[in-house]
Amino acid sequence: TPDSAAVQAWVGELQAFITEHYYTCTKPMLQCLGEMYDGGGSMTENIDNAGGHGTGAFAKAAIQAYLDSL
């Protein structure tokens with residue numbers, strides 16, 4: 001589930017990876033990424049193609065659960 005410990009750990013790792021390799025991934029930035037992952041268009045298509053149908057929606061829910069827990 002999006003709020004499981006393993007998934008929540010992954011979201012924290014994702015945020016740290018983005019911060020280390022690209023830009024400081026603040027809470028608002030992470031939330032925007034979640035919105036983009038499930039917002040339709042090429043971003044959602046690419047994520048769903050890589051992880052299966054619904055991956056973008058799952059990632060959005062996982063990110064939101066992570067942010068809600070902070």
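This is a predicted model: local features need pLDDT of at least 70, side-chain atom pairs count only at pLDDT 80 or more; totals for chains, interfaces and linings use all residues.
Helix 2 spans residues 27-37, and its axis comes within 7 Å of the axis of helix 4, which is made up of residues 55-69, the two crossing at roughly 155 degrees. Because angles over 145 degrees count as roughly antiparallel, helix 2 and helix 4 are described as roughly antiparallel to each other. The crossing in which helix 2 passes helix 4 is left-handed. On the side of helix 2, the residues that take part in this contact are Lys27, Leu30, Gln31, Gly34, Glu35 and Tyr37, and they meet Gly56, Ala59, Lys60, Ile63, Gln64, Tyr66 and Leu67 of helix 4.

The arrangement of helix 2 with helix 1 can be described in the same terms. The axis of helix 1, residues 5-21, comes within 11 Å of that of helix 2, and the two cross at roughly 110 degrees. That angle makes helix 1 roughly perpendicular to helix 2, and the crossing of this pair is right-handed. Here Val11, Leu14, Gln15 and Ile18 of helix 1 meet Lys27, Leu30, Leu33 and Tyr37 of helix 2, and the residues of this contact divide into 6 nonpolar, 1 polar and 1 charged.

Which residues of helix 2 are buried? They are Leu30, Leu33, Gly34 and Tyr37. When one looks down the axis of helix 2, these buried residues fall within an arc of 100 degrees, so they line one face of the helix. The buried residues of helix 2 pack against helix 1 and helix 4, and also against helix 3, which covers residues 41-51.

The last stop is Gln15, which has its place in helix 1. Is Gln15 buried or exposed? With a relative accessible area of 13%, Gln15 is buried, since a residue counts as buried when that value is under 20%. Leaving aside residues up to four places away in sequence, Gln15 touches Cys25, Thr26, Lys27, Leu30 and Tyr66. Phe58 lies 43 residues from Gln15 along the chain, and the C-alpha atoms of Gln15 and Phe58 are separated by 16 Å.

Conventions: Residues are numbered from 1 along each chain as its sequence is written. Side-chain values use heavy atoms; hydrogens and water are left out. Axes are lines fitted to C-alpha atoms, for helices over the stretch in contact, and angles run from 0 to 180 degrees between N-to-C directions. Helices (H or I, at least four residues) and strands (E, at least two) are DSSP runs, numbered from the N terminus. Angles under 35 degrees count as roughly parallel, over 145 as roughly antiparallel, 65 to 115 as roughly perpendicular and the rest as oblique. A crossing is left-handed if the near helix is turned anticlockwise from the far one by less than a right angle, and right-handed if clockwise. Contact means heavy atoms within 4.5 Å. Ala, Val, Leu, Ile, Met, Phe, Trp, Tyr, Cys and Pro count as nonpolar, Asp, Glu, Lys and Arg as charged, and the others, Gly among them, as polar. Buried means under 20% relative accessible area, exposed over 50%, partly exposed in between (1.4 Å probe, protein chains only). The arc is that of the directions from the helix axis to the C-beta atoms.
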